[in-house]
Amino acid sequence: MRQLADYQSHIEEFRKENVDVVALSVDPLDKAKETVDKLQLTFPVAYGLEVPRDADRVGAFWEERRRIIHATNFILDSDQKVCDASYSIGPIGRITAAD
């Protein structure tokens with residue numbers, strides 16, 4: 001959740017640069033809404049992603065045992081091509097808003 005809050009705290013900077021922020025989650029609607037409300041997120045948060053189907057579709061790193069998608073960050077250029085990516089099973093090495 002800390003990473004979502006980080007992106008939200010920089011949302012105006014992203015908007016000035018014409019950059020969209022979108023989050024994806026395996027959480028069901030009620031849990032995703034709880035997170036959106038708690039962090040007062042103003043960017044879209046997709047919910048209910050299925051492992052492995054949706055994780056494979058977006059190229060995310062997922063874990064079979066817990067059926068979760070690990071933190072996966074992508075930066076897309078204006079042609080929607082991946083120009084940077086980060087896969088992390090912990091808090092170190094993730095793409096931050098400042099990046």
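The protein chain exposes about 7,200 Å², of which carbon and sulfur atoms supply 51%, the accessible areas coming from the Shrake-Rupley method with a 1.4 Å probe, and for residues only the protein chains shown count as cover. This is a predicted model, in which local features need pLDDT of at least 70 and side-chain atom pairs count only at pLDDT 80 or more, while totals for chains, interfaces and linings use all residues. Residues are numbered from 1 along each chain as its sequence is written, and side-chain values use heavy atoms, with hydrogens and water left out.

Four helices and six strands make up the secondary structure of the protein chain, where helices (H or I, at least four residues) and strands (E, at least two) are DSSP runs numbered from the N terminus. Their order along the sequence is α-α-β-α-β-α-β-β-β-β. The radius of gyration, taken over C-alpha atoms, is 13 Å, close to the 13 Å that the globule rule (2.2 Å times the number of residues to the power 0.38) gives for 99 residues, so the protein chain is as compact as a globular protein of that length.

Of the 99 residues in the protein chain, 27% are buried, where buried means under 20% relative accessible area, exposed over 50%, and partly exposed in between, with a 1.4 Å probe and protein chains only. The largest nonpolar core has 10 residues, among them Tyr7, Phe14, Val21 and Ala97; such a core is a set of buried Ala, Val, Leu, Ile, Met, Phe, Trp, Tyr and Cys residues joined through side-chain atoms within 4.5 Å. In soluble globular proteins, nonpolar side chains tend to be buried together. When neighbours within four places in sequence are left aside, Phe14 is in contact (heavy atoms within 4.5 Å) with Tyr7, Val19, Val21 and Ala97. Arg15, placed in helix α2 (residues 11-16), is partly exposed with a relative accessible area of 44%.

The backbone also has some details to inspect. Most residues other than glycine have a negative phi, and most peptide bonds are trans. The peptide bond from Val51 to Pro52, however, is cis, with omega near 5°, and Pro52 lies in the loop between β2 (45-46) and α4 (53-58). Gln40, in the loop between α3 (29-39) and β2, has a positive phi near 55° and counts as exposed at 63% relative accessibility. Arg67, in the loop between β3 (62-63) and β4 (68-69), also has a positive phi, near 55°, and is partly exposed, with a relative accessible area of 40%.
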